[in-house]
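Subject: Structure handover, salt bridges

Hello,

Here is the structure I promised to pass on. Please open it first, then read the notes below.

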Amino acid sequence: MTIKLAGQILTDEAWQAIDAIKGCVTPIFDVNEKRGAELLGSAVLIEVADECFLCIAKHVVDENKDSTLYVDGPVNFEILEGDFYASQEHDIAVMRLTPAQKETLKKYDPLAADDIANQVQASVSKYAEFIGFPETKNRKVYKQNKIAGEIYAIGGPILEVTDARVRVSFNRKRNIDAMTLKRVTSPDPHGMSGGAIFGIPMKDSTIEGKPRARLIGISTDWPDSSPEIFGPNIVIAMAIIKEAWGIALPPRLNPVNIKPKLVAIRPSALGRAPE
């Protein structure tokens, strides 16, 4: 008989709650000089007020605004065309998707508003998992127009949650493979920028084995010199959506005292698809 420590049981149950909603995380690509697809980062699909949005790390868009970005379409890689709106103060950008773009991304499941944390819910989260597509595990399959599609989870105790950002303790040797649920040493996180940070509070339902996971942030950084990952609080994305498109958010998600300075970014749409 295998005996699990209480902390491991809690981590396993937390992951099971997150596993049900991880389908909102999608990879983002560009094309290299050999016309091969290269994974640039991850992104999160959310659905709010009957509109679908794609949230990504702003630096991924900034560093590739002269390139063409691609998403993982039903059969082929498809150009991601349109305007991102970003906060000048935070590393996050948001695009409102057209119905056609949402259909292109039908392999992925936009996160419902009920699964997005507001400022209070984010602030009381104590444990987090950061979900994304590491580049080293998602290189283009030889002679095929597809990638491996390996999604990973990196988890740890939350160090800090403010209205601006979320900080999570990061131990690369104690993480969970999001496909097999086995404990593994995590791969290089490059490519996971823009992925989801799901938070879980420590309350009675969590202790009783019924944790509730919600999106609390978008991952953007993991400094080599520091055992942590961090990224902007998801409330910044809500504020961008409200300010950029005049969307009437659900009252629960309406940002309080947050009004980001917006900048528009339009990646090139002139590229040729990967071969």
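A salt bridge here is a side-chain nitrogen of Lys or Arg within 4 Å of a carboxyl oxygen of Asp or Glu. Keep in mind that this is a predicted model. Its salt bridges number 10.

Start with Arg266 and Asp83. They form a salt bridge, and their closest N and O atoms are 2.7 Å apart. Arg266 sits in the segment after strand S17 (262-265), while Asp83 is in the loop between strand S5 (77-79) and strand S6 (84-87), so the bridge ties together parts 183 residues apart in sequence. Arg266 is exposed, at 52% relative accessibility. Asp83 is partly exposed, at 28%.

Next, Lys102 and Glu47. This salt bridge also has a closest N to O distance of 2.7 Å. Lys102 belongs to helix H3 (residues 99-104) and Glu47 to strand S2 (residues 37-48), so parts 55 residues apart in sequence are tied together. Lys102 is partly exposed, with a relative accessible area of 33%. Glu47 is partly exposed too, at 27%.

Last, Glu228 and Arg167. Their closest N and O atoms are 2.9 Å apart in a salt bridge. Glu228 is in strand S16 (residues 228-232) and Arg167 in strand S11 (residues 165-169), so the pair links parts 61 residues apart in sequence. Are these two residues buried or exposed? Glu228 is buried, at 10% relative accessible area. Arg167 is buried as well, at 19%. Shared partners join Glu160, Arg167 and Glu228 into one salt-bridge network.

Best wishes

Notes. Residues are numbered from 1 along each chain as its sequence is written. This is a predicted model: local features need pLDDT of at least 70, side-chain atom pairs count only at pLDDT 80 or more; totals for chains, interfaces and linings use all residues. Side-chain values use heavy atoms; hydrogens and water are left out. Helices (H or I, at least four residues) and strands (E, at least two) are DSSP runs, numbered from the N terminus. Buried means under 20% relative accessible area, exposed over 50%, partly exposed in between (1.4 Å probe, protein chains only).
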